[in-house]
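Here are some notes to read alongside the model. Keep the 3D view open and follow the points in order.

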Amino acid sequence: MTEVLLEQHVLEYPGGYTRSTGPVVGRFLTGLRDGRFEGIRGGDGTVIVPPTEYDPYTAAALSEFVEVGPAGVVTAWTWVAEPRVGKQPLDRPFAWALIKLDGADTAMLHAVAVDAPDAMSVGLRVQPRWRTERIGSIRDIEAFVPEGSEPLVVPSPEPDAEPVTGIVTPTRLDYEINAGIAPSKYLRGLAEGKVIGQRAVDSDQVYVPPRGSDPTSGEPTEIEVEVADVGTVTTFCVVNVPGLSELAPEIPYVCAQILLDGANTAWFGLIQGLPADEVRMGLRVKAVWADELIPNAASIKWFEPNGEPDTPYESYREYA
Amino acid sequence: MSPALRDVAVVGFAQNLADHDRERNEVEFIIPVVRDAIAQSGIPRHDIGFTVSGSCDYLSGGPFTFVQGLDAVGAWPPIKESHVEMDAAWALYEAWVSIQVGDVDSALIYGFGKSSLGDVHEIFNLMNDPYSVMPLWPSTVDLAALQACAAIAADVTNERELAEVASRSHTAALANPHAIAGRDASADVLLAEPVTHVPLRDADIAPITDGAAAIVLAAGDLARKASSRPAWIRGIEHRIEPLALGVRDLTRSESTRLAAEAAGVADGPVEVAELHTQFSHEEPILRAALGLAPDVPVNPSGGPLGANPIMATGLIRIGEVATRITAGDVSRGVAHATQGPCLQQNLVCVLEGETN
């Protein structure tokens, strides 16, 4: 098996990341929900949009809100030929622009919905296209469009609606990660039912799982050492929180540091095959392998007692 | 009256870069640069006083994954260590401060990251204002293109100048064994290529790069012992602008100008400059902010357009200037590093060889 070991990895905050807005950003977003833009006056009199809590130059707290827009002028723009669908404001090619709304002294970023880059220019006047359903988000504006290219529908605010105090932002990043050369050797070993650690040339310390270097010296761990799939529990934890482990659906269950015979670092794994309150430091256990072996730590499902007498504490105390 | 600064120099530098590496992990990239930079300095690994690194967990998408880089350093017996979620040029700044305060006499700095693992231009959207910008998901290239548009509209630069910067950088990169991109193409050839992010072309945009770099700093006599011609840091300063793009003047880099003034760039001739320009238009903006004369060679290494291992790129600019000083090619140079959208935060480092 020589193909590179890659894994798809998603970094996501389930349900979206929540943030409170505070009074200044909250007022800006409440305005958007109501179909209105508000900026804030800085210490030098300039109107900052979107509003900031503090003056960017003096750090003084700001409080004088000023209504601006709804139309404005493009001060810079670019074109998105391949939109990031599901993330960026539009699913078809569009322009980004910095837009200085009428009455504002600073520009804000948003999308401009036009068919081609030649419809864009610095100095182009634009107006907002509001979404029908607005929640208090920068996305309450679907996009800006050239001024006059369509009727400007100004929404009516909902009476008695509570001010916006928070936002929820779906956030997801996708990755394709690779194991690395040293870890790949160890993972391929697992696919063959072996636990292969590594050590550096001038050291007798065998690292399992190996990451490519001896962490005490920074030297590469170029020597492979097969270790046993049998070892000693050096320390353990009884888990009473449900839903954390797919392999151990019932609580309480025990996870442990297991020092495999021949290794100098412990393996973090699940203990099964005896009641949780009988798990102890020094317990001798053996790996229970999965039916189908793959280059993944999941090839070892858990560890069970192997019947050997407990290892004396003195012999593993520096690993506990 | 401020206390006299200690003389601190770069006495070791190494880099290890690749294009979309599917085999090595981050630790495997770092191991050789740490080993080589330390070997160049001659300082025994465990005599180095302080270890500081720069990277970003979001490059690999896992919490605390950055800290795994320590496996490549040798941290037993325990070492004095720090790390910054920033380009390692700022890690170097922290190390320099630690030496100035007198805590230590030497430091190892390393920066690393694998930009190829995720969509790196999308990842750094998470640095933008979380209420008014991030939910729109502009990429770093989109924002840079906005700055390029503003600079062209303000006559700070023009399309031909961008192509000339790209052409010169790519040609220089051909001669740099560490660069992953580089080709011989005149400005006219580049101008004929399609604009992909108005007004930028692909040649104006730094390539996705995986890699690591390391530098060893030493003070005073330790530096003189470690290097035949240390590259002394005569000034190092950084300044930051507001996060909100619309509040800033994107056609100028005021923070670079202030940092350059504080670092004393104009106190002597600048014989070479290495600038952290991930996009062509950033070069004319930074040249102006640094007050560089038109004949100052910029990015003889090819610069980030030749290789952009995000989180190490700025550190490498310092290393590239230091290398030329230590080799005796130049006596004084400026290195620049940047972080944040559209040159939001900028570090300027003035390096000089001893004349004796």
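1. Domain bounds here come from an automatic or database domain assignment. For chain A that assignment gives domain 1 (17–169) and domain 2 (177–319). The centres of domain 1 and domain 2 of chain A, taken over C-alpha atoms, are 54 Å apart.

2. A word on what you're looking at: this is a predicted model, where local features need pLDDT of at least 70 and side-chain atom pairs count only at pLDDT 80 or more, while totals for chains, interfaces and linings use all residues. Residues are numbered from 1 along each chain as its sequence is written, and chains are lettered from A and ligands numbered from 1 in the order in which they are written.

3. Now chain B as a whole. Its secondary structure comes to 11 helices and 11 strands (DSSP runs numbered from the N terminus: H or I of at least four residues for helices, E of at least two for strands). Chain B has a radius of gyration of 19 Å, close to the 21 Å from the globule rule for 356 residues, so it is as compact as a globular protein of that length. That radius is taken over C-alpha atoms, and the rule is 2.2 Å times the number of residues to the power 0.38. The C-alpha atoms of chain B fill a box of roughly 55 × 45 × 40 Å along the principal axes.

4. How much of chain B is buried? Buried residues make up 63% of its 356 residues. Buried means 20 or more other C-beta atoms within 10 Å of the residue's own, with C-beta atoms placed from the backbone.

5. Have a look at helix α10 (residues 282–290) of chain B. Eight of its nine residues are buried, so α10(B) is largely enclosed by the rest of the structure. Among the buried ones are B:Pro284, B:Ile285 and B:Leu286. Their cover includes α5 (140–153), α6 (159–174) and β10 (332–339) of chain B. After α10(B) comes B:Gly291, with a positive phi near 70°.

6. Finally, where the chains touch: 46 residues of chain B are in contact with 57 residues of chain A, contact meaning C-beta atoms, placed from the backbone, within 7 Å. On the chain B side, α5(B) gives the most, with six residues. By class, that side has 28 nonpolar, 10 polar and eight charged residues. Ala, Val, Leu, Ile, Met, Phe, Trp, Tyr, Cys and Pro count as nonpolar, Asp, Glu, Lys and Arg as charged, and the others, Gly among them, as polar.

Methods
A residue is buried if 20 or more other C-beta atoms lie within 10 Å of its own, exposed if 12 or fewer, and partly exposed in between; C-beta atoms are placed from the backbone. Two residues are in contact if their C-beta atoms, placed from the backbone, lie within 7 Å.
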